[in-house]
Amino acid sequence: MENKYVSGFVAVIGRPNVGKSTLINHAVGQKIAIISDKPQTTRGKILAIRTDENAQIIFVDTPGIHKPKNKLGELMVKTAENSASQADAILFVVEAGDTIRGNELKIMDYIRESGVPCVLAINKIDKFADKEKLLPQIEAFSKELNFEAVVPVCARSTESVDKVIRELEKLLPEGPQLYPEDMVTDMTEREIAAEIIREKILRMLDKEIPHGTAIEIMQYTEEENLVRVIANIYCEKSTHKGILIGRNGEMLKKIGQSARLDIEKMTGKKTYVELWVKVKDDWRNNNFLMKEFGFTEEKD
Ligand code: GDP
Ligand code: MG
């Protein structure tokens, strides 16, 4: 019997920091979504595309669903909810050993109402030695929502992530490849470069500063053997500017070097990164500036 080809969108949702972006990067075999141990790392909606012989899955990485504190936060929650209701399947990610926490009850209510089939991934099992203890957790979550499958997983392991993929494929409708098979994301390299710079800031500085930071790429040019990136880093206070630059410019240099290595990995070319730090007050509550930084409201 001939196997049918399936394709569709999978919205990946869950509390911030449970490992959604890590799982997606391993599913597509490339760094697309940035990762840090700070909640709210993912700001917008990111498509990551995995093409196999039998299936094409388009993952929608969403910002974690949390209580919004400002306009940017509100937009992040709306983005997560919108992409969930429009998906062919939902991958709900939680952390091993956790009870139902934060907004998870609400998220499950939302999924139930949407009627979209859902797989539960219990992530970070590498940190959780006693597998027996997963059973009460599985039971607690299954009481709230009828999952199509429950998969314990380590998002950092491709083999482990493949088990999740198999379950998701079962839920997708028959259909053709929706994107070219060599396409892994809808983001341009220029946009990924901005995200990479933001990731370095998230990783190297205390959370107050990165969460008020936006990146604007002023120049992204690719020559035969060289990629040239010039970017502005916007922050909300002049004290933050001082910290971003660091003593003798050391922090900014570290951010630039680390970003350069990632961009070189992505492009396969020698890369030059130049960074500038600027202050823009309270841009997270300013619709005009949010648009300028690329955060746009979705139209239904
Ligand atoms: P997101 O906010 O849900 O997208 O979470 P991220 O993918 O950014 O991951 C949050 C943190 O958890 C990062 O520090 C990851 O390295 C870490 N993490 C993700 N998956 C795993 C896993 O399977 N095991 C362990 N030990 N850590 C993980
Ligand atoms: Mg994320």
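Begin by selecting Ser-160, which counts as buried because its relative accessibility is 12%; here buried means under 20% relative accessible area, exposed means over 50%, and partly exposed is in between, with a 1.4 Å probe and protein chains only. The model is a predicted one, in which local features need pLDDT of at least 70 and side-chain atom pairs count only at pLDDT 80 or more, whereas totals for chains, interfaces and linings use all residues. Residues are numbered from 1 along each chain as its sequence is written, chains are lettered from A and ligands numbered from 1 in the order in which they are written, and side-chain values use heavy atoms, with hydrogens and water left out.

Ser-160 belongs to helix H5, residues 158-169; helices (H or I, at least four residues) and strands (E, at least two) are DSSP runs numbered from the N terminus. If you set aside the neighbours within four places in sequence, the contacts of Ser-160 are Pro-152, Val-153 and Cys-154, where contact means heavy atoms within 4.5 Å.

**Ligand 1 and its shell**

Next, select ligand 1 together with the 17 residues around it, of which Asn-17, Lys-20, Thr-22, Asp-126 and Arg-156 come nearest; a residue is near a molecule or strand if one of its heavy atoms lies within 4 Å of it. By class, this shell consists of 5 nonpolar, 6 polar and 6 charged residues, with Ala, Val, Leu, Ile, Met, Phe, Trp, Tyr, Cys and Pro counted as nonpolar, Asp, Glu, Lys and Arg as charged, and the others, Gly among them, as polar.

In the side chain of Asp-126, an N or O atom is 2.8 Å from a nitrogen atom of ligand 1, while in the side chain of Arg-156 an N or O atom is 2.9 Å from an oxygen atom of the ligand. At Ala-155 it is a backbone N or O atom that lies 3.0 Å from an oxygen atom of ligand 1. On its own, ligand 1 has 580 Å² of accessible area, and the protein covers 90% of it; accessible areas come from the Shrake-Rupley method with a 1.4 Å probe, and for residues only the protein chains shown count as cover.

Step back to Asn-17, in the loop between strand S1 (6-13) and H1. This residue has a positive phi of about 80° although it is not a glycine, and its relative accessibility of 31% makes it partly exposed.

**Lys-124 and helix H4**

Move to Lys-124, in the loop between strand S5 (118-123) and helix H4 (134-144). Lys-124 also is not a glycine, yet has a positive phi of about 70°, and it is partly exposed at a relative accessible area of 21%.

Continue into H4 and select its buried residues, Leu-134, Gln-137 and Phe-141. They lie on the same side of H4, because they cover an arc of only 65° around the axis, the arc being that of the directions from the helix axis to the C-beta atoms. These buried residues pack against strand S4 (89-95), helix H3 (104-114), S5 and strand S6 (149-152), whereas Leu-135, Pro-136, Glu-139 and Lys-143 are exposed on the other side of H4.

Select Glu-199 in helix H6, residues 189-204; with a relative accessible area of 0%, Glu-199 is buried. Not counting residues up to four places away in sequence, Glu-199 touches Lys-31, Ile-34, Ile-35 and Asp-262.

Beyond residues up to four places away in sequence, Ile-46 touches several others, including Ile-32, Phe-59, Thr-185 and Glu-195. Ile-46 and Val-60 are 14 residues apart in sequence, and their C-alpha atoms are 5.6 Å apart in space.

**The whole chain**

Finally, show the whole chain, with its 9 helices and 9 strands. Of its 300 residues, 51% are buried, and the chain exposes about 15,100 Å², of which carbon and sulfur atoms supply 48%. Among contacts with a separation of 6 or more, 72% are between residues 24 or more positions apart.

Key:
Polar contact = N/O pair within 3.5 Å; in protein donor to acceptor, adjacent residues only side chain to side chain.
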